[in-house]
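Subject: Structure handover

Dear colleague,

Please find the structure below, with the sequence. My notes on what was found in it follow.

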Amino acid sequence: MNQELIKKAQGLRSQGFTTGEIADELNVSKDTARWLTLQTTGKRDEEKSQAPLDFAINWKSLGGSSARLRYVSAAMADIALKHGPSDVIVGIAVSGVPFATMMADVVALETGIETSISVFHPIKHRKGKDAEGAISSNFASVEDKRVVIVDDVITSGRTIKEVIDVLKKQGAEPTCVTVLIDKKGISEIEEVPVESLIKVSRLG
């Protein structure tokens, strides 16, 4: 495993990031994030335990440019529109929110329908054994709305399943999930179609 990734994970931990937040920052699974934070930076120590099978995704060159984010978000909006217009675009915190915000503008321009934004806070970002994922009350309501779910990367699909369950409990109709990268290689979760710009497949 890359020593730089270990240093980044441990640096984030020292700043108080939870394992879920570290996983999101580095675009790896929670298991990988946990493994990274337990390693020391010495090569001998790294070799003592086996890293989980995972792909680390770094899209900093995209995230650091508003123009690039806008172009990619437009492509993601175009994919989402295959499933019809939506009333609300829900960005999964933290990395899904910029895509969702820009996608809402594109969808509104393409369809002429005002599209609202909402934010989902997943369990992995919350503390306490009774913590649950939640839709932010500071943004649009999802009740009785057609909703597109947006995130940057699907690693295991657990967070997507979580947001779908919460949306359905609130009376929303999830029309599709749109992501930048799908590391799991899945076509649907809970009967909701998954659309990605990039799908990662393991060979062998």
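In the protein, 67% of the contacts with a separation of 6 or more are between residues 24 or more positions apart. Contact here means heavy atoms within 4.5 Å.

This is a predicted model, in which local features need pLDDT of at least 70 and side-chain atom pairs count only at pLDDT 80 or more, while totals for chains, interfaces and linings use all residues. Residues are numbered from 1 along each chain as its sequence is written, and side-chain values use heavy atoms, with hydrogens and water left out.

Overall form

The protein has eight helices and seven strands. These are DSSP runs numbered from the N terminus (helices: H or I, at least four residues; strands: E, at least two). The radius of gyration is 17 Å, close to the 17 Å from the globule rule for 204 residues, so the protein is as compact as a globular protein of that length. That radius is taken over C-alpha atoms, and the rule is 2.2 Å times the number of residues to the power 0.38. Along the principal axes, the C-alpha atoms fill a box of roughly 60 × 35 × 35 Å.

Of the 204 residues, 47% count as buried (under 20% relative accessible area; exposed is over 50%, partly exposed in between; 1.4 Å probe, protein chains only). The accessible surface is about 10,800 Å², and carbon and sulfur atoms make up 49% of that surface. Areas come from the Shrake-Rupley method with a 1.4 Å probe, and for residues only the protein chains shown count as cover.

Charges and salt bridges

There are 26 positive and 28 negative side chains, and the centres of the two sets are 8 Å apart. Lys and Arg count as positive and Asp and Glu as negative, with His and the chain ends not counted; each charge is placed at NZ of Lys, CZ of Arg, CG of Asp or CD of Glu.

The count of salt bridges is seven (a side-chain nitrogen of Lys or Arg within 4 Å of a carboxyl oxygen of Asp or Glu). Among them are the following.

- Asp31 and Arg34 form a salt bridge, with the closest N and O atoms 3.2 Å apart. Both are in helix α3 (residues 30-38), three residues apart, which puts about one helical turn between them. Asp31 is partly exposed at 44% relative accessible area, and Arg34 is partly exposed at 36%.
- Glu195 and Lys82 meet at 3.4 Å, N to O. This pair links distant parts of the chain, 113 residues apart: Glu195 is in strand β7 (residues 192-199), and Lys82 is in the loop between α6 (66-80) and β1 (88-92). Glu195 is buried at 15%, whereas Lys82 is exposed at 59%.
- Lys199 and Asp182 meet at 3.0 Å, N to O. Lys199 is partly exposed at 44%, while Asp182 is buried at 0%.

A buried valine

Val163 is in helix α8 (residues 158-169) and is buried, with 0% relative accessibility. Leaving aside residues up to four places away in sequence, Val163 touches Val90, Ile92, Phe120 and Ile149. From Val163 to Pro174 the C-alpha distance is 9.4 Å, and the two are 11 residues apart in sequence.

Regards
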